[in-house]
Amino acid sequence: MLLVALFVAAFGSSGAAMWLALSEPVDASIENRLQHEAAALTRLYGARPLDLAIGLIRNHERRASGFQWRVGTSSGRRIAGNLPDAAYAPGFSTVAAAPSTLREASETSEEAGPPDDDDADSGDRLRTLTVALRNGAMLTLGEDLGRTRALKRLFLRTFMLTSGAALMIALALALTFVSRLLGRIEVIASTADAVSGQDMGARAPLRDPLRADDIDRLALSVNQMLDRIAALLGSLRQVSDDVAHDLRTPLAHLKQRIETVLNAPPSIESYRGALEGASEKIDEVLATFEALLSIARLEAGAKIAGFRSLDLAEVAEAVVEAFRPSAEDGGRQLLLYAPRPMAVEGERSLITQMLANLVENALLHTPPGTTVEVHAENLGAVARLGVEDDGPGLEDSERARIFERFYRGDRSRTTPGSGLGLSLAAAVAAAHNAQIRAEDAGPGLRILVDFPLDGAQAH
């Protein structure tokens, strides 16, 4: 309604401006015609009063042109003419028309057709021009203002009709627009109510992208928010399930060991052994908790502080140097291929942890004599970080699942670990907008992480 009111106000203002713009030129045109007519008459019949009067009396065509006239003395006495007697001063003035003039106007209008009710009083005013002649005589010409007033009335009536029509159209369009707008907003509100009622799959409908408007963008934002909430809730449920899945066994073993010691004859040695075993199990549980929480935070899109430019080659060198002693102790060879610096945007500690998990996984699940190579290379569009071994490798079915939480292959069940290392590596890669995948190295396993080099890492 406010917009409609503003529209009507603007329409009315434009009409008033048009009225003022129309009135002034119309009035000026009457005065211009009177001046032109007076100059033409004096040129045609001369400036002497008697000659001018005789010429005007004889000139019926001039009289029928719509002008009234009067030739009089300076004292106001009429010599000839059909204008009413009045004290005419040189210049323009507006006077009342004589009854005879009204009758002439009425007869003229009867010849032209039925009179308009709005113009019933149109002949009661005249616009006059008085010009001083020789010997003090005066020539006065007058034009009926009825036609001007009729024109203005016609404009006003037309404007009122168009204003009314415009107002009705504006109201109809406003009501149609508002009803459609409120209907679409109600659909979004209903979607939010459905989600509040535990229907997490409810989403606001979207129109064709070519017809999308602000409401569609609002619906899209709501849907994206609901998708994000669903992902967070799913991550929370997954963490809960993971905790229940992986912590039940170590806690059960810890409880069993404690009960065994309590039921046995008391001794300092048995108590110490039980406490040391309990401490190890608790460390495992805490490490699992920390890994699960890290994965959950990364998958939930928690903002990572410290994104800055770092050198992948430098990170790879540091990790290789840290793991080389343990690799040699296990009879494995750990190599590095990082020919030149590679700058990417990321958080150094997370990328270091990711690479450490990949190297540790390769060293832990390959037999002695295996060669593990860490390489970092620039491929133009991406910076690739990879860990490759020449061990026994994995079957296709196993290779497709190694990034799942707690997944452990058949050959890995006898080795220590919780099955979260590669899941955490995948979460770190996703947080950096990097692509991680596992490939058959023929023989062995190759895990590659491709970082974008266009600054598109997600913070």
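Helix α8 (312-329) has a kink of about 40° at Phe323, shortly before the proline Pro325. The model is predicted.

**Helix α8**
- The end C-alpha atoms of α8 are 26 Å apart, which agrees with the 26 Å that its 18 residues should span at 1.5 Å a residue.
- At the N-terminal end, α8 is capped by Asp311, which places a side-chain oxygen 3.1 Å from the backbone nitrogen of Ala313.
- Phe323, the site of the kink, is one of the buried residues of α8.
- Gly331 follows α8 and has a positive phi, near 80°.

**Helix α9**
- Helix α9 covers residues 348-364, which is 17 residues.
- From its first C-alpha to its last, α9 reaches 24 Å, close to the 24 Å expected at 1.5 Å a residue.
- Buried residues of α9 include Leu350, Ile351, Met354, Leu355, Leu358, Val359 and Leu363.

**Nonpolar cores**
- The largest nonpolar core has 37 residues.
- The most is given by α9, with nine residues.
- A second, separate core has 17 residues, including Leu52, Ala53, Phe67 and Leu145.
- In soluble globular proteins, nonpolar side chains tend to be buried together.

**Loops and backbone geometry**
- Most residues other than glycine have a negative phi, and most peptide bonds are trans.
- Asn433 is not a glycine, yet its phi is positive, about 60°.
- Asn433 sits in the loop between α11 and β11.
- With a relative accessible area of 35%, Asn433 is partly exposed, because that value lies between the 20% and 50% cut-offs.
- The peptide bond from Gly442 to Pro443 is cis, with omega near 0°.
- Pro443 lies in the loop between β11 (435-440) and β12.

Methods:
Residues numbered from 1 in each chain as written. Predicted model: local features only at pLDDT ≥ 70, side-chain atom pairs only at ≥ 80, totals over all residues. Heavy atoms only, no water. Helix = DSSP H or I, 4+ residues; strand = E, 2+ residues; numbered from the N terminus. Expected span 1.5 Å × (residues − 1). Buried < 20%, exposed > 50% of the residue type's maximum accessible area, 1.4 Å probe, protein only. Core = buried A, V, L, I, M, F, W, Y, C linked by side-chain atoms within 4.5 Å. Bend = angle between axes of the 7 residues up to and from the residue. Polar contact = N/O pair within 3.5 Å; in protein donor to acceptor, adjacent residues only side chain to side chain.
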